[in-house]
Amino acid sequence: EVQLQASGGGLVQAGGSLRLSCAASGFTFDDDAIGWFRQAPGKEREGVSCISNSDGTTYYADSVKGRFTISSDNAKKTVYLQMNSLKPEDTAVYYCAASFYSSFCPEHMDYWGNGTLVTVSS
């Protein structure tokens, strides 16, 4: 059974930082990827960042480049999203998801986890 558990959301002031965690289990594909997504009310879901299990290749949406950093701990099977210089427009529910193939992230994901709410105040 594939499980993806996101955590770490909360309330933070603009300019602050927050780190999200995604604990993944249940799949062993060499070229899999974990991605972070977010969705705010009235807006389309946005692919925020991806990281490849095979070579560590990363992807970032233009909206978060230079502010967010994705990383992974293979031993713990956990992927992190370090969010710095947070802006009110970053407010959203953040989800982690897994793709069988890293090249598919963020366009196609095969498994989705729970959401964790990030609220950035002005």
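1. Thr-116 is in contact (heavy atoms within 4.5 Å) with Ala-6, Ser-7, Gly-8, Gly-9, Leu-20, Ala-92, Val-93 and Tyr-94, leaving aside its neighbours within four places in sequence. The model is predicted: local features need pLDDT of at least 70, side-chain atom pairs count only at pLDDT 80 or more, and totals for chains, interfaces and linings use all residues. Residues are numbered from 1 along each chain as its sequence is written, and side-chain values use heavy atoms, with hydrogens and water left out.

2. Thr-116 belongs to strand S10, residues 111-121 (strands are DSSP runs of E, at least two residues, numbered from the N terminus). With a relative accessible area of 10%, Thr-116 is buried (buried means under 20% relative accessible area, exposed over 50%, partly exposed in between; 1.4 Å probe, protein chains only). A polar atom of the Thr-116 side chain lies 3.0 Å from the backbone nitrogen of Gly-9.

3. The whole structure holds 4 salt bridges (a side-chain nitrogen of Lys or Arg within 4 Å of a carboxyl oxygen of Asp or Glu). A network of salt bridges links Arg-38, Glu-46, Arg-67 and Asp-90.

4. Arg-38 forms a salt bridge with Asp-90, the closest N and O atoms being 2.8 Å apart. Arg-38 lies in strand S4 (33-39) and Asp-90 in the loop between strands S8 (78-83) and S9 (92-99), so the pair ties together parts 52 residues apart in sequence. Both residues are buried.

5. Asp-62 and Lys-65 also meet in a salt bridge, at 3.2 Å from N to O. Asp-62 is exposed at 66% relative accessibility, and Lys-65 is exposed at 51%.

Notes: Helix = DSSP H or I, 4+ residues; strand = E, 2+ residues; numbered from the N terminus. Polar contact = N/O pair within 3.5 Å; in protein donor to acceptor, adjacent residues only side chain to side chain.
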